[in-house]
Amino acid sequence: MLLDDKCTSCMLCVRECPVWCITLTAHAEPDPASPPGGRQRTINVLDHFAIDYGVCMFCGICIDVCPFEALEWSAIDNLVETSREAAVHDRERLT
Amino acid sequence: MITEVHAGGWSAAATAMRDGGGAWFGLLTAVDDPAASTLDVVLVVGGDAGVADRGLRCTLDRADPCLDSVAGLWPGAAFAEREVHEMFGVSFLGNLDLRPLLLPAGVATPPLRRDAGLGRRASTEWPGEVEPGDEARARRRPVRPVAADATDWVVKL
């Protein structure tokens, strides 16, 4: 399960995944906490996050590597889908 | 405890293990060692109450791995032998149903041999290549974990 308010789009989970089942895109926005006068800082804002459960092997490495605890185990009672595309759970289904 | 046996003594050792209280089939799998040109087949059986799990290991020639079937001793082993046949290319003499479970006909190298190339991975785009946010400001490009060559991930021994 994804706690998207904690996700910083750092890409660690995507890059550590041994089976490449996570996809993520983000865009940069000006950081409102950036101090005035200094260089405008940016933060990454999550656009898209998906886990392909047709590929995921439930190793939990993504959960282990996330430095912000934005991913956690959750009980999914039924992962049976009728198509490969439906097995890709997007942000709405993961949060 | 795992006992090493020769291919010729496989059936006898398995029979002795079953008759000695190893009534429950546990697992049958193989370990490929291309450096030594061998393929180990491992069998583990569970004991009756009070009897510990035991196993057998048999080192086979990688070029032509061939072993007697133990499906007559534990019917459940037939399916595991079918799988090991498909994934490692081991022939089990006496097992009459070694049809492939998953693979289409004509796969050259059994996929769990260490020299089997992972072609699909070489042709798949790595999702980690995407740089989130301001791509122009990324300090360094992420390094794809495997090279483009289909066999490059094979462990060099």
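Chain A contains 3 helices and 3 strands, where helices (H or I, at least four residues) and strands (E, at least two) are DSSP runs numbered from the N terminus. In order from the N terminus, its elements read α-β-β-α-β-α. The model is predicted: local features need pLDDT of at least 70 and side-chain atom pairs count only at pLDDT 80 or more, while totals for chains, interfaces and linings use all residues. Residues are numbered from 1 along each chain as its sequence is written, and chains are lettered from A and ligands numbered from 1 in the order in which they are written.

Of the 95 residues in chain A, 20% are buried (20 or more other C-beta atoms within 10 Å of the residue's own, C-beta atoms being placed from the backbone). Among contacts (C-beta atoms, placed from the backbone, within 7 Å) between residues of chain A at least 6 apart in sequence, 68% link residues at least 24 apart.

## Chain B: the sheet

In chain B, 4 strands form an open sheet with mixed pairing and the order 1-4-3-2; strands pair if DSSP finds at least two bridges between them. Strand 1 (2-5) and strand 2 (24-33) of chain B each have a single partner strand, so one side of each of these edge strands lacks a neighbour in the sheet. Neighbouring strands of this sheet are turned by 20° against each other on average, direction ignored (axes are lines fitted to C-alpha atoms, for helices over the stretch in contact, and angles run from 0 to 180 degrees between N-to-C directions).

Strand 3 (residues 38-46) and strand 4 (residues 54-61) of chain B are antiparallel partners over 8 bridges. B:V45 has B:R54, in strand 4 of chain B, as its bridge partner.

## Chain B: helices on the sheet

Helix 1 (residues 10-19) of chain B packs on the sheet and touches strand 1, strand 3 and strand 4 of chain B. The direction of helix 1 makes about 175° with that of strand 4 of chain B. Helix 2 (residues 77-88) of chain B also packs on the sheet, touching strand 2 and strand 3 of chain B, and its direction makes about 10° with that of strand 2 of chain B.

Conventions: Contact = placed C-beta atoms within 7 Å. Buried ≥ 20, exposed ≤ 12 C-beta atoms within 10 Å, placed from the backbone.
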